[in-house]
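Please walk me through this structure, one part at a time. I have not seen it before.

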Amino acid sequence: MPFKNYFRSVSLTIVATLASTLVAPAQMAPELKIEPQATVKTKRGTPATVTLKVSLPAGFHANSHTPTEPNLIPLTLKWTGGPLTDGVIAYPKPLLEKYTFSAGKDISVVTGAFDITTKFQVAASTATGPAAQTGTLRYQACNDRMCFPPKTVNVNVTVSVE
Amino acid sequence: MNFSAHSVKPGRFFLLLALISGIAVILGTVGWPDKQPVHKPLKNEADRKKAPDFELKDVNGKVVHLSDYKGKVVLLDFWATWCGPCGIEIPWFTDFQRKYKDRGFTVLGVSMDDGGWKDVKPFVAEKKINYQVVLGDDKTSDQYGSVEALPTTFMIDRDGRIASIHVGLVDRKEFDDAIQKLL
């Protein structure tokens, strides 16, 4: 590539970056993502495990399920429907981190990619075949200098009971 | 790839430098999106826009309008009990209220807690907040440009115009300087 073209590409990239910086809202809430999950195959009368693979964008954290302050909103998974019952939820091990706003105190948080695992029992009377296991995941995220309102995302896992 | 500097015109080279400098200046001013606090210095009087009036209720159910404070410098703070950075600023604001209230200044806190007064009232008592707090709503947030990141603070001049906006935790001195300039 001649330098002239190279220069043109670099210039266009810079202009595009500049434009996106100006157009993008200055402060947007981070989006928590849950990886799509393969169908969970299980049998009646046996245990079943559902692992949600969750991630937050770099630079953000969410309160853990056991926040260090009572007014902080915990990471909370609730299963609301589906063939799997009696779920026991295991949240990720929290990190204790200090932030600009925490005044030297440790804050119990989750960051980056983490798993939330639920161990269910599949009742012997459960109908066989595919079904949706549904729930919600509530979180409240911040970065070092600002926080965003709590959000709730839907969780939907396909379960196949044999 | 031919990277020979001899094949680029000097004018273009300086254009590239200008673009890079421009980006650096802009990012230095507003910060990287999503991560950095935004502090905008006091606008010139001619550039200030009227702060939208609102009608929100305090803990006693009394209706409070922003226009009730016309003639005063108002520090309008959007905050929430679950917002750690807001908790750092609140003691500053109680100090400012104490220090400047007799000079025509007030702080007005707009709580964005979904839980309402059951969450906010104990927090106000615990933090010994000495200024008026009202419960915010989506309408008011939208009026002020869809306030999402907290804290977001508007400095409003005596004529009810927005003189500066601060998004995220900024330095106490920046608020103090702004108040003193506006008084």
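The text below takes up a helix, a sheet and a cavity in turn. The model is predicted.

Begin in chain B with helix H5, which spans residues 172–182. Its buried residues are B:Phe175, B:Asp176, B:Ala178, B:Ile179 and B:Leu182. These residues lie on the same side of H5(B), because they cover an arc of only 165° around the axis. An α-helix has 3.6 residues a turn, so residues three or four places apart point the same way. B:Lys173 and B:Lys181 are exposed on the other side of H5(B). The buried residues of H5(B) are covered by elements of chain B including helix H2 (84–100) and the strands S5 (73–79), S6 (105–111), S8 (152–156) and S9 (161–167).

Next comes a sheet in chain A. Four strands form an open sheet in the order S7-S8-S4-S11, and their pairing is antiparallel. Strands S7 (95–97) and S11 (141–142) of chain A each have a single partner strand and stand at the edges, so one side of each is left without a neighbour in the sheet. S7(A) runs antiparallel to strand S8 (residues 107–111) of chain A, and three bridges join the two. Within these strands, A:Leu96 stands opposite A:Ser108 in S8(A).

The structure holds one cavity of 30 Å³ or more, and the largest cavity contains about 40 Å³ of space. Which residues line the largest cavity? From chain A they are A:His61, A:Asn63, A:Leu72, A:Phe101, A:Ile107, A:Gln140, A:Cys142 and A:Cys147, and from chain B they are B:Trp82 and B:Gly84. Six of the lining residues are nonpolar, four are polar and none is charged.

Conventions. Residues are numbered from 1 along each chain as its sequence is written. Chains are lettered from A and ligands numbered from 1 in the order in which they are written. This is a predicted model: local features need pLDDT of at least 70, side-chain atom pairs count only at pLDDT 80 or more; totals for chains, interfaces and linings use all residues. Side-chain values use heavy atoms; hydrogens and water are left out. On a 1 Å grid over the protein atoms alone, a cavity is a set of points where a 1.4 Å probe fits but cannot get out, and a pocket is an open set with protein on both sides within 12 Å along at least five of seven lines; lining residues have an atom within 4 Å of a point. Grid points are joined across faces, edges and corners, and a volume is the space filled by probe spheres set on the points. Ala, Val, Leu, Ile, Met, Phe, Trp, Tyr, Cys and Pro count as nonpolar, Asp, Glu, Lys and Arg as charged, and the others, Gly among them, as polar. Two strands pair if DSSP finds at least two bridges between them. Buried means under 20% relative accessible area, exposed over 50%, partly exposed in between (1.4 Å probe, protein chains only). The arc is that of the directions from the helix axis to the C-beta atoms. Contact means heavy atoms within 4.5 Å.
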